[in-house]
Amino acid sequence: MNFDFDSQTRRQLGYHLIDTVDNFFGSLPERPVQPPAENRLYPPRLDSIPQTGENPAQVLTEVCRELIDNGFHIPSANYLGMMNPTPTYMAFLAESLVAALNPQLASLARSQTASRIEAETVRWVGELLGWRGPFSGTFTTGGNEANFSALAMALAARFPSVVEDGIGSTGTQPVFYASVEAHHSLDKCAGLLGLGRRALRRIPVNGRLQLDVQQLEAAIEDDVAAGRKPFCVVATAGTTSSGAIDEIPAIHEVCRRHNIWLHVDGAYGAAILFSDTYRHLVQGIEEADSVTFDPHKWLAMPFSAGMILTRHVDALQRTFSVPCSYLQRSPAGELPDNLSISAQWSRRMNSLKLWLTLRVHGREAYQELIDRQMKLAQGFAQWVTASEDFELAAPQMLPIINFRAREANVTPQELHRLHSEIIEEVNRDGQRWISGAVVNGQSVIRTMVISYLSEQRHLLDLQAALQAARCTCKLRSNSKEFALSSL
């Protein structure tokens with residue numbers, strides 16, 4: 001079978017896909033997140049490679065049915081778990097167009113229009129950060145690559161020889177700092193950069209789950225006294241577990257005094273800059289040397305879409321540029337070749353979906369989304385506070401709510417087990433999905449508002465499910481106690 005279909009076949013397959021996606025999007029306000037527990041399939045589908053082709057319409061129909069009927073649906077309005085959104089429809093169209101055109105963003109000479117769109121999107125976000133002077137940035141596969149790029153830049157800025165001569169040229173152990181609640185990608189990056197994961201100093205948090213600035217300064221002073229070389233502090237704007245936002249202005253002042261690079265991991269929370277109502281929550285982010293920003297979290301983009309931005313306009317190029325004789329060089333004064341400012345080489349166009357969504361809906365649509373989700377989360381936190389069964393476990397700063405079961409005289413292990421049982425019970429019928437977490441060493445139940453389709457009714461249904469699950473767990477516990485007492 002030839003790879004090239006005729007026009008009629010292409011149109012039939014395309015219309016079938018569009019109809020399937022249209023029906024799927026139409027179902028999302030009510031669609032269960034996954035099948036009920038007893039119907040979930042995890043088969044080892046490891047068939048042999050096909051030797052001959054099959055009917056394309058039949059194969060497409062089969063895989064669409066299997067993925068939709070038996071899949072786990074993050075885009076559902078009932079998905080109230082992690083930072084994975086319902087994609088905008090314009091983003092879906094953009095991804096389809098990118099897949100068809102397959103632009104290669106490695107070099108400007110082969111991607112003039114695509115590179116201009118990416119640079120324009122980076123500029124829009126950089127200006128939201130409050131940067132008015134020159135700055136640079138590029139799209140990444142996500143927050144992990146963006147944080148990796150930031151640490152690589154910080155390392156190269158503090159130790160200019162490290163790009164060519166390696167970590168050994170520093171003469172000592174470079175170290176960097178983040179809170180105990182900061183993302184685990186930082187540990188991974190430390191290992192990949194050759195620093196070693198122990199080079200990351202995890203700083204305790206205060207009562208609001210923010211990096212403790214006094215302990216940060218003490219840790220820096222201890223490392224300097226021991227002959228180690230601090231080179232970066234990572235502040236977090238919206239931690240994964242609780243949505244906490246570090247005190248960026250105070251951390252910036254510590255970095256200024258010690259001449260240390262300030263990186264803000266705003267993968268989730270920096271999107272709040274789109275809201276005039278709440279952008280003050282990330283005050284000071286404009287002072288950062290670099291910022292991680294993930295549109296595939298709060299900005300309703302499908303995977304993958306991350307960004308790294310820096311107000312040091314040449315920093316990315318100094319860190320990642322490598323001479324390449326077989327690529328045509330871009331004209332002087334034009335945009336840089338993306339391969340020179342990125343950890344990637346061949347580059348997919350991850351910017352079009354955000355650019356197209358902003359062109360069609362505008363910044364104010366995101367402001368409305370953020371303000372509405374903040375209001376929904378605040379209402380849910382008020383319900384938890386008033387509940388006889390649950391209590392807040394952490395301050396609610398962004399649309400993430402951490403809470404725990406009200407249970408006297410239980411060990412931390414018993415509370416963790418109870419939370420797991422409640423979460424499993426809530427998720428059992430597949431209608432909705434929430435998660436658990438460990439926040440500052442304590443077990444919590446975690447939920448958040450992330451889909452632009454989620455409404456008050458979805459949260460009311462979740463509240464009812466939580467109360468029912470709590471009741472079921474109490475009955476189960478009482479039955480076990482009775483059985484033990486009868487022995």
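Predicted model: local features only at pLDDT ≥ 70, side-chain atom pairs only at ≥ 80, totals over all residues.
Residues are numbered from 1 along each chain as its sequence is written, and side-chain values use heavy atoms, with hydrogens and water left out.

**Select the whole chain.** In cartoon view you'll find 14 helices and 11 strands (DSSP runs numbered from the N terminus: H or I of at least four residues for helices, E of at least two for strands). Along its principal axes, the C-alpha trace spans about 80 × 70 × 45 Å. Now colour by accessibility: 51% of the 487 residues count as buried (under 20% relative accessible area, with a 1.4 Å probe and protein chains only).

**Next, select residues 112-129 and 352-361.** These are helices α4 and α11, whose axes come within 9 Å and cross at roughly 65 degrees (axes are lines fitted to C-alpha atoms over the stretch in contact, and angles run from 0 to 180 degrees between N-to-C directions). That makes α4 roughly perpendicular to α11 (the label covers 65 to 115 degrees).

**Now show side chains.** On α4, pick I117, E120, T121 and W124; on α11, pick L352, L354, W355, L358 and R359; these residues make the contact (heavy atoms within 4.5 Å). Sorted by class, the contact has six nonpolar, one polar and two charged residues.

Technical notes:
Parallel < 35°, antiparallel > 145°, perpendicular 65-115°, else oblique. Nonpolar A, V, L, I, M, F, W, Y, C, P; charged D, E, K, R; others polar. Buried < 20%, exposed > 50% of the residue type's maximum accessible area, 1.4 Å probe, protein only.
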